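Visitor: Could you walk me through a few of the labels used for this structure? I'd like to hear what lies behind each one.

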Amino acid sequence: MKRLKTILQGCASARGLFFITILVLAIPNVALCFTERMAPAACLANVLLPVGAEWLLMTANRCPGKMTWAMFLLVFFAAFQVVLLYLFGNSIIAVDMFLNLVTTNPGEALELLDNLIPAVSFVVVVYVPVLVLAVVSIRRKDRLPRSFLSFQRRLAAIAVATGMASLGASYATDDDYRAELHLYPANVFYNLWLAVERTNATNAYAETSAGFSFNAAATHHDSCREAYVLVIGETARACSFGLYGYGRDTTPLLGKTGGLVAFTKAVTQSNTTHKSVPMLLSAVSAENFDSIYYEKGIITAFKEAGFHTVFISNQRPNHSFIDFFGEEADEWTFLKERDGGRGDHSDAALLSEVRRVLAKGRMKELIVLHTYGSHFNYRERYPRSAAHFRPDDATEAKANNRPSLVNAYDNTIRFTDSVLHGVVAELAATGARAAMVYTSDHGENIFDDSRRLFLHASPVPSYYELHVPLMVWTSDAYRRSWPQTAAALAANSGKPVATSLSVFHTMLDIAGIASPMRNDALSVASTRYKPRPLLYLNDHNRAVPLGKMLRSEKDVRKFHEKGIKP
């Protein structure tokens, strides 16, 4: 007990706080050397240069508490980085992570934090006490001896010099090495700057896209009533759909639905909602993503072609491109905002909205649905009456809870099956020439292998986040009117397809909308469809061959099992 008291007193002393601050700030630097598989020179640079610089900063004032608080942003980044390493197992704080902070609704964020107990506990135990000790140090007016600071400066300078030499060696031996990409926390500050830059560009979207036009026109005969529904799923992975060979019957209704074509080799170009959904709602893709700041979405193309358009979301608005593209519609609704947090929050609520719109009997109708789908916390995404697989009550993010988490997740897929079947039934009841296109923004990790990955949005994606469902249903009347389109859909169903690249062109093709921006070589409803190499939109908005993004042989193997060449 006496020894513990001595240790605590040492930690609370001015010198103790000096060294503890340096130590806790160094934790991410050391951890990233292992998670990012750095070369020896890069490892030395990643530890010695930043830690040496922080060491020097701590000598800038005789009161260590003041310097600890002066580096609060570094303390925050270190804590944030530790949580992300726990969650994803690798990668630095990405641009998308910063953007997620401002586009994720607080309720979802709290659901996630509630279930990251080990990581959050580590942050509370390690980083919060340092800040508390710093306040105590300031209040006590602690002062370090000038001789002590002078000696520490010399040691820190040696560390910085060695780190600079290692940095030079990294550039000399690795052509791909960049400090702004590989040196922590320089890369985090760089990503923060990019996030601010993108946020400013997003805020200016109304002005930068004001003059845009698809020059779209309808080519189908005006006397034909047409109704099309684009359903954007949330966090649904293909390998959990019965239609895609899953061992459980999670698609009992769609499996018996006539006129439905399931594409078995569909892959998303992003595992983050704020990128993947806008790509599905527009003509932009991984190859030209920055065009998003100047172009409008698919809803505008349909409006130009004479369609009445409706956007209905079962998610909350977050001032993102999802909102911007959705609000281009003649009618748009965010269900959770409309009812003030009351009422049915499951995706079944979308069906009554579809029924209401179709009952208007308009000749040309487009409905876009943005579902809540299979987003964590899974068991909150379906009514208890739909809990087919049990037990499904575990929510804590632990590998030991996987059976219950998988049950809950599979229940969300089975519930999606019922919602999609309901959309098909509503469309079929109109007798119109109708079609429904469904795909998901990305998939999900659920502790599927020894890597123990959970959730999605890691800068390094896995197979489970990228292989997504893509389904197209056409009505009897549609297939009679345009049998060549229905035949093309069936013929292309076994070919690789990048959903983020093809959904826009496929929707225009199915609806008979001509536009200079439509490319039938990208439409899975066309006989001219040609698969493109699969790309991934990385954190810096660059299109990277999918194979280069995959770090694990496990992911490559899973793609090959599905007949997909990454």
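Guide: Gladly! Let's start with what covers the buried residues of helix H24 (residues 553-561): strand E4 (266-267), helix H19 (463-466) and helix H23 (546-549) are among the elements there. This is a predicted model, where local features need pLDDT of at least 70, side-chain atom pairs count only at pLDDT 80 or more, and totals for chains, interfaces and linings use all residues. Residues are numbered from 1 along each chain as its sequence is written, and side-chain values use heavy atoms, leaving out hydrogens and water.

Visitor: Which residues of H24 are buried?

Guide: Asp555, Val556 and Phe559; buried means under 20% relative accessible area, exposed over 50%, partly exposed in between (1.4 Å probe, protein chains only).

Visitor: What makes them line one face of the helix?

Guide: Seen down the axis of H24, the buried residues fall within an arc of 100°, so they line one face. The arc is taken from the directions from the helix axis to the C-beta atoms. On the other side of H24, Glu553 and Glu561 are exposed.

Visitor: Why is histidine 388 called partly exposed?

Guide: Its relative accessible area is 46%, which lies between the 20% and 50% cut-offs, so histidine 388 counts as partly exposed. Histidine 388 sits in the loop between strand E7 (364-370) and helix H18 (402-430).

Visitor: Why is H3 called roughly antiparallel to H9?

Guide: Helix H3 (residues 40-58) and helix H9 (residues 146-173) pack at about 150°, with axes 7 Å apart. Angles under 35 degrees count as roughly parallel, over 145 as roughly antiparallel, 65 to 115 as roughly perpendicular and the rest as oblique, so H3 is roughly antiparallel to H9.

How values were computed:
Axes are lines fitted to C-alpha atoms, for helices over the stretch in contact, and angles run from 0 to 180 degrees between N-to-C directions. Helices (H or I, at least four residues) and strands (E, at least two) are DSSP runs, numbered from the N terminus. Contact means heavy atoms within 4.5 Å.
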